[in-house]
Every structure is written in C-alpha cells, then in structure tokens.
Amino acid sequence: MALRTILNKSDEALSKVCRPVEKFDQKLWTLLDDMAETLKKANGAGLAASQVGILRRAVVIDVGEGLYELINPEILDSSGTQYGVEGCLSCPGEWGYVTRAQKVKFKAQDRNGNWYEKVVEDLFARCVQHECDHLDGKIFTRLIEEYVDVEEENQ
Ligand code: NI
C-alpha cells in the first residue's frame with residue numbers, strides 16, 4: 001500500500017464526471033488499498049478516486065463503522081434532512097453548514113464486482129452524498145449555507 005497525493009479542489013480532476021469502474025482487478029484493489037491508507041493518514045471520513053487523480057467511480061468511507069468500499073455507487077432513495085458542518089480533504093480549511101438527506105439507501109459494488117445495498121443515516125449518509133457528488137465532479141463548497149471557522153487541530 002502507498003499513500004496517494006490528495007488533489008486540491010482547484011485541480012481540474014475534481015470537476016470531472018468520473019467513468020464507471022469496469023475491471024475488478026489488481027489495479028483496482030491497489031487503488032482501493034492506497035485510498036484507504038490515504039484516508040486514514042488524513043484522518044478523513046471519505047475519499048473519492050478523483051481526489052487522487054483517478055477518474056473512476058470508486059469511493060472509500062470510514063465513519064467509525066469500519067472501512068466501506070463503494071464501486072459505481074448509486075443513491076436509490078433518500079429521506080429527511082440533516083443540517084451540519086461538512087469539510088473535504090480537497091478543501092483544507094474550508095468548513096461550512098450543508099443540508100443533506102438524513103437517510104439514504106444506496107447500492108454499490110464491492111471490490112469483486114458484487115452488488116450490495118445498504119441503508120445509512122447521519123454522518124454515514126452525509127458522507128455517501130458528499131462522495132457521490134465527487135464522482136459527478138461536484139464539490140461540497142457549492143452547497144455551503146454558512147461558513148464556519150475551525151481551528152486546524154480540530155479538523
Ligand atoms: Ni470531499
């Protein structure tokens with residue numbers, strides 16, 4: 001495993017619509033392993049492949065419930081609203097209140113290409129929405145309703 005460089009939101013890769021993952025091979029597994037390591041090192045909740053310069057629909061999420069790999073994820077259903085502070089590893093120092101669905105049901109493939117479905121709430125749901133936006137080239141800052149100042153050590 002190796003750390004990958006997390007791109008800043010100003011990098012054009014962050015505004016691209018990512019293509020589906022088609023090959024579930026060693027190259028994908030290495031990418032996913034590297035993304036997981038990079039996410040952990042950065043102390044983040046989620047990371048999309050585009051954030052490390054790979055324009056494919058792959059995401060890793062860890063909100064304290066273990067590592068989840070979402071390949072070609074699709075949100076099937078969402079309900080409720082949550083209003084909370086959100087940040088992004090590609091936007092260091094930028095934090096703001098964003099309204100998201102409280103609960104989402106999504107489907108995704110695992111690293112072997114098997115489809116699964118999961119219903120998640122709260123932070124996990126926020127993270128799924130944030131990361132799926134990345135796959136469509138959308139940065140969360142466009143949704144910020146109110147910016148907040150957060151000290152560096154609390155990020
Ligand atoms: Ni992000």
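His134 is buried, with a relative accessible area of 0%; here buried means under 20% relative accessible area, exposed means over 50%, and partly exposed lies in between, with a 1.4 Å probe and protein chains only. His130 also counts as buried, at 5% relative accessibility.

Before going further, the basis of these values. This is a predicted model, in which local features need pLDDT of at least 70 and side-chain atom pairs count only at pLDDT 80 or more, while totals for chains, interfaces and linings use all residues. Residues are numbered from 1 along each chain as its sequence is written, and side-chain values use heavy atoms, with hydrogens and water left out.

His130 and His134 both belong to helix H2 (residues 122-135), and because they are four residues apart, about one helical turn separates them. Helices (H or I, at least four residues) and strands (E, at least two) are DSSP runs, numbered from the N terminus. The 14 residues of H2 should span 20 Å at 1.5 Å a residue, and its end C-alpha atoms, 21 Å apart, agree with this; the expected span is 1.5 Å times one less than the number of residues. H2 is mostly covered, with 12 of its 14 residues buried, including Phe124, Arg126 and Asp133. After H2 comes Gly137, with a positive phi near 75°.

I turn now to the pockets. The largest pocket holds about 460 Å³ of space. A pocket is an open set of points on a 1 Å grid over the protein atoms alone, where a 1.4 Å probe fits, with protein on both sides within 12 Å along at least five of seven lines; lining residues have an atom within 4 Å of a point. Of its 22 lining residues, Gly44, Ala45, Gly87, Cys88 and Trp95 lie nearest the centre of the largest pocket. H2 gives the largest share of this lining, six residues.

The second largest pocket has a volume of about 340 Å³. Its lining includes Arg4, Glu22, Leu28 and Arg56.

Note on methods. Points joined across faces, edges and corners; volume = space filled by probe spheres on them.
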